[in-house]
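Reader: I've got a model open on my screen and would like to walk through it with you. Could we start with the helices and then move on to the sheet?

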Amino acid sequence: ASLAGILTWVFLPRGYEAVAWLRVRDKSGMFGVGGGRDNAEYEAYRKTQVQLIKSPFVLTSALRRPGISSLSLLSDEDDPVGYLVRNIQVSAPMESEVVQVRLRGENAKEVTQLVNAVAQSYLNDVVNKEKSERLSRRDTLERKYKENMAEVRASLDTYNNLSLIHI
């Protein structure tokens, strides 16, 4: 037992831990009440979101945020994205809509900045992008619906006018 304690002390990262809590829920209506989807599908959705947070796309975006690439925490790293892939921990506790993004390091301010940059990049590049795409699809469908209704009304008017002429 003492050997395990010593190894834990030696290899446990020291310093500070920053945690960002993100609520991950499907807003498209695919899951939940009356959505016709089951818990396994929602669980797959949550796991996908966890993977997206750790994706090179999101991590690279986080590194591009102002002041992040110059952090001393990353200055010795040849591959900052690889460093984040190895060190950012993303977990989604069972039966919750919460995802935790964690990082440990010796500088509390930098660890916090980095976790916040990853969380913000995920929100901007994944969540808000999906929302924008859904709204764009809705607007396109709404515009097409109005065009079709105008065409139907014009056809009905033509039909009514023709029926009055032949009476």
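**Helices first, then the sheet**

Author: Helix α3 passes α5 in a right-handed crossing (the near helix is turned clockwise from the far one by less than a right angle). Helices here are DSSP runs of H or I with at least four residues, strands are runs of E with at least two, and both are numbered from the N terminus. A word on the source: this is a predicted model, where local features need pLDDT of at least 70, side-chain atom pairs count only at pLDDT 80 or more, and totals for chains, interfaces and linings use all residues. Residues are numbered from 1 along each chain as its sequence is written, and side-chain values use heavy atoms, with hydrogens and water left out.

Reader: At what angle do the axes of α3 and α5 cross?

Author: Axes are lines fitted to C-alpha atoms, for helices over the stretch in contact, with angles from 0 to 180 degrees between N-to-C directions. For α3 (residues 56-64) and α5 (residues 80-87), the axes come within 10 Å and cross at roughly 120°.

Reader: Which residues of α5 does α3 meet?

Author: Contact means heavy atoms within 4.5 Å. From α3 come P56, L59, T60 and L63, and they meet P80, V81, L84 and V85.

Reader: Now the sheet: what is the order of its three strands?

Author: Two strands pair if DSSP finds at least two bridges between them. β1 (16-23) and β2 (89-91) are the edge strands, each pairing on one side only. The sheet is open, its pairing is antiparallel, and the order is β1-β3-β2.

Reader: How many bridges join β1 and β3?

Author: Along this pair, Y16 stands opposite G105, and A18 stands opposite L103. β3 covers residues 98-105, and its antiparallel pairing with β1 runs over eight bridges.

Reader: Is Q100 buried or exposed?

Author: Q100 lies in strand β3 and is the bridge partner of S91. Not counting residues up to four places away in sequence, Q100 touches V19, A20, W21, Q89, V90, S91 and P93. Buried means under 20% relative accessible area, exposed over 50%, partly exposed in between (1.4 Å probe, protein chains only). At a relative accessible area of 9%, Q100 therefore counts as buried.

Reader: Which residue in the hairpin of β2 and β3 takes a positive phi?

Author: β2 and β3 pair in the antiparallel sense over three bridges. Their hairpin has six residues between the strands, and the one with a positive phi near 60° is E95.
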